[in-house]
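Subject: Structure handover

Hello,

Here is the structure I promised to pass on. Please open it first, then read the notes below.

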Amino acid sequence: MIEEIEEWIHHVNSSHREVRRSCSVLEEHFNGFYSPEFLKTAFFVVTDEIPKPDFPGLREAGLGDFIDMDVGGITYNDTYYVKKEAANELRLHFHELVHVLQWRDLGPQGFIERYIREIQDFGYDNAPLENMAYALDGHYQSKGRHLSVEQFVRENL
């Protein structure tokens, strides 16, 4: 099933390559948190509908609630997708960029396996990868001191 998900993600990202935007456009907002080099290699797509894999195997694995959950954004490897109505929410961009870093550090297969396992074991609200992203976006939102999110993620995965 992991390979099927990876193929689906590759297809989704490839089909949006022409409309994705570099996160370097967010550099002034995230200065002191994300390096300009990282932001140049991360991308986002503004969309009406968030793409999600809906394979029977995922539902059988107990992920139906996650698949059906209404979200403002979702990350697939180096690209995340945000709903049009949430496109100007900096906290959402910050959150999804944490996931881009998690994908990079764990690798696609490692991220997918771990994310599924965490959702199964803890549920979305208590999944450690999500908790890390929410804690960091909350720190940003509360105007917390600057920190290298790249280093934090690398050291805390």
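Start with the largest pocket. Its lining draws at least two residues from each of α1 (2-15), α5 (64-68), β3 (73-76), α6 and α7 (128-141). Helices (H or I, at least four residues) and strands (E, at least two) are DSSP runs, numbered from the N terminus. The top contributor to this lining is α6, with 11 residues.

This is a predicted model, where local features need pLDDT of at least 70, side-chain atom pairs count only at pLDDT 80 or more, and totals for chains, interfaces and linings use all residues. Residues are numbered from 1 along each chain as its sequence is written, and side-chain values use heavy atoms, leaving out hydrogens and water.

The largest pocket holds about 540 Å³ of space. Of its 30 lining residues, F66, I74, T75, Y115 and E130 are the closest to the centre. A pocket here is an open set of points on a 1 Å grid over the protein atoms alone, where a 1.4 Å probe fits, with protein on both sides within 12 Å along at least five of seven lines; lining residues have an atom within 4 Å of a point. The volume is the space filled by probe spheres set on the points. By class, the lining has 19 nonpolar, 5 polar and 6 charged residues. (Ala, Val, Leu, Ile, Met, Phe, Trp, Tyr, Cys and Pro count as nonpolar, Asp, Glu, Lys and Arg as charged, and the others, Gly among them, as polar.)

Now the helix packing around α6.

The axes of α6 and α7 come within 8 Å and cross at roughly 165 degrees. α6 is therefore roughly antiparallel to α7 (over 145 degrees). Axes are lines fitted to C-alpha atoms, for helices over the stretch in contact, and angles run from 0 to 180 degrees between N-to-C directions. Their contact counts 14 nonpolar, 5 polar and 5 charged residues.

α1 packs on α6 at about 125 degrees, with the axes 10 Å apart. From α1 come I2, I5, E6 and I9; from α6 come W103, P108, Q109, I112, E113 and I116. Contact means heavy atoms within 4.5 Å. This contact has 7 nonpolar, 1 polar and 2 charged residues.

Last, α8 (residues 149-156). Its axis and that of α6 (residues 90-122) come within 10 Å and cross at roughly 50 degrees. In α6, F94, V98, L101, Q102 and D105 meet V149, E150, V153 and R154 of α8. These residues divide into 5 nonpolar, 1 polar and 3 charged.

Best wishes

Methods:
Parallel < 35°, antiparallel > 145°, perpendicular 65-115°, else oblique.
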